[in-house]
Amino acid sequence: MFESKDRRQEEARLRAENRLPPGQALTLKFPVLHYGPVPPFDPATWDLRVWGEVEQEVRWTWEEFNRLPRVQVRMDLHCVTRWSTFDMVWEGVSVRMLVEQGLIRLKPSARYVMQHAEYGYTVNLPLEVVLQDNFLLATHVDGAPLTPEHGYPLRGVVGAIPGRPDLKTPYLWKGAKWLRGLEFMAEDRPGFWEQAGYHNEADVWKEERYA
Ligand SMILES: Nc1nc2c(c(=O)[nH]1)N[C@H]1C(S)=C(S)[C@@H](COP(=O)(O)O)O[C@H]1N2
Ligand SMILES: [Mo]
């Protein structure tokens with residue numbers, strides 16, 4: 001572990017590299033934040049469903065989901081509560097790849113995506129963000145499966161990819177832990193925290209924390 005002086009030096013380096021958004025601080029831990037309990041996981045009954053503005057609804061079992069093509073992405077994560085982590089390697093399934101490979105067939109009317117998680121947690125994003133390289137349906141981080149508290153077996157995750165200022169980067173709450181469904185929508189709808197007053201777009205560089 002770093003000493004606190006090392007943390008500050010590391011934070012100064014990240015700021016100099018323009019990787020520390022306004023109002024954020026480097027944390028050397030990976031804090032856990034969510035509303036409600038951690039759900040149990042049963043691989044025999046778990047599924048991921050895709051519905052809404054799609055030509056065909058999809059349902060993957062856990063076994064089927066694990067056969068989908070996978071990618072790894074190095075990302076910096078920024079939480080609205082002001083901590084940031086850097087250079088985590090996330091692994092999972094890219095929604096854009098699912099669309100490109102015809103595994104999800106979108107209707108032209110699809111413009112927004114609602115992530116649906118266990119216990120009714122929801123979070124909304126524009127389709128264009130969900131299709132970016134920095135949004136993943138993630139099963140692993142830094143070479144290991146997600147821990148239960150961080151969303152095992154599957155979560156949405158969105159972060160900043162260093163050197164990719166072209167990508168929109170929302171705060172971390174825009175990725176749902178314990179993900180069970182993707183609903184493609186023609187019109188936007190606010191998710192759980194958005195209904196509670198969090199900003200709909202949540203851009204970390206514009207500090208869009210609360211509406
Ligand atoms: N299902 C679910 N996902 C969730 C949340 C939640 O309450 N329920 N909270 C969000 C918030 S506010 C944050 S900051 C991140 C935190 O992810 P972490 O616990 O892995 O750091 O999860 C997001 N995903
Ligand atoms: Mo959060």
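A polar contact here is a pair of N or O atoms within 3.5 Å; within protein, one must be able to donate a hydrogen and the other to accept it, and residues adjacent in sequence count only if both atoms are side-chain atoms. With that in hand, welcome to this predicted model, where local features need pLDDT of at least 70, side-chain atom pairs count only at pLDDT 80 or more, and totals for chains, interfaces and linings use all residues. Residues are numbered from 1 along each chain as its sequence is written, chains are lettered from A and ligands numbered from 1 in the order in which they are written, and side-chain values use heavy atoms, with hydrogens and water left out.

**The ligand and its surroundings**

| Residue | Protein atom | Ligand 1 atom | Distance |
|---|---|---|---|
| Arg 155 | polar side-chain atom | oxygen | 2.6 Å |
| Pro 31 | polar backbone atom | oxygen | 2.7 Å |
| Gly 175 | polar backbone atom | nitrogen | 2.9 Å |

On its own, ligand 1 has 530 Å² of accessible area, and the protein covers 98% of that (Shrake-Rupley method, 1.4 Å probe; for residues, only the protein chains shown count as cover). Around ligand 1 there are 19 residues, and the closest are Pro 31, Tyr 35, His 150, Arg 155 and Lys 177; a residue is near a molecule if one of its heavy atoms lies within 4 Å of it. This shell divides into 14 nonpolar, three polar and two charged residues, where Ala, Val, Leu, Ile, Met, Phe, Trp, Tyr, Cys and Pro count as nonpolar, Asp, Glu, Lys and Arg as charged, and the others, Gly among them, as polar.

**Backbone details worth a look**

Most residues other than glycine have a negative phi, and most peptide bonds are trans. Arg 82, not a glycine, has a positive phi of about 90 degrees. You will find Arg 82 in the loop between β4 (71-78) and β5 (83-93); strands (E, at least two residues) and helices (H or I, at least four) are DSSP runs, numbered from the N terminus. Glu 207 also has a positive phi, of about 50 degrees, and belongs to the segment after α5 (192-195).

Arg 82 is partly exposed at 41% relative accessible area, and Glu 207 is partly exposed at 33%; buried means under 20%, exposed over 50%, and partly exposed in between (1.4 Å probe, protein chains only).

The peptide bond from Tyr 152 to Pro 153 is cis, with omega near 10 degrees. Pro 153 sits in the loop between β9 (144-145) and β10 (155-158).
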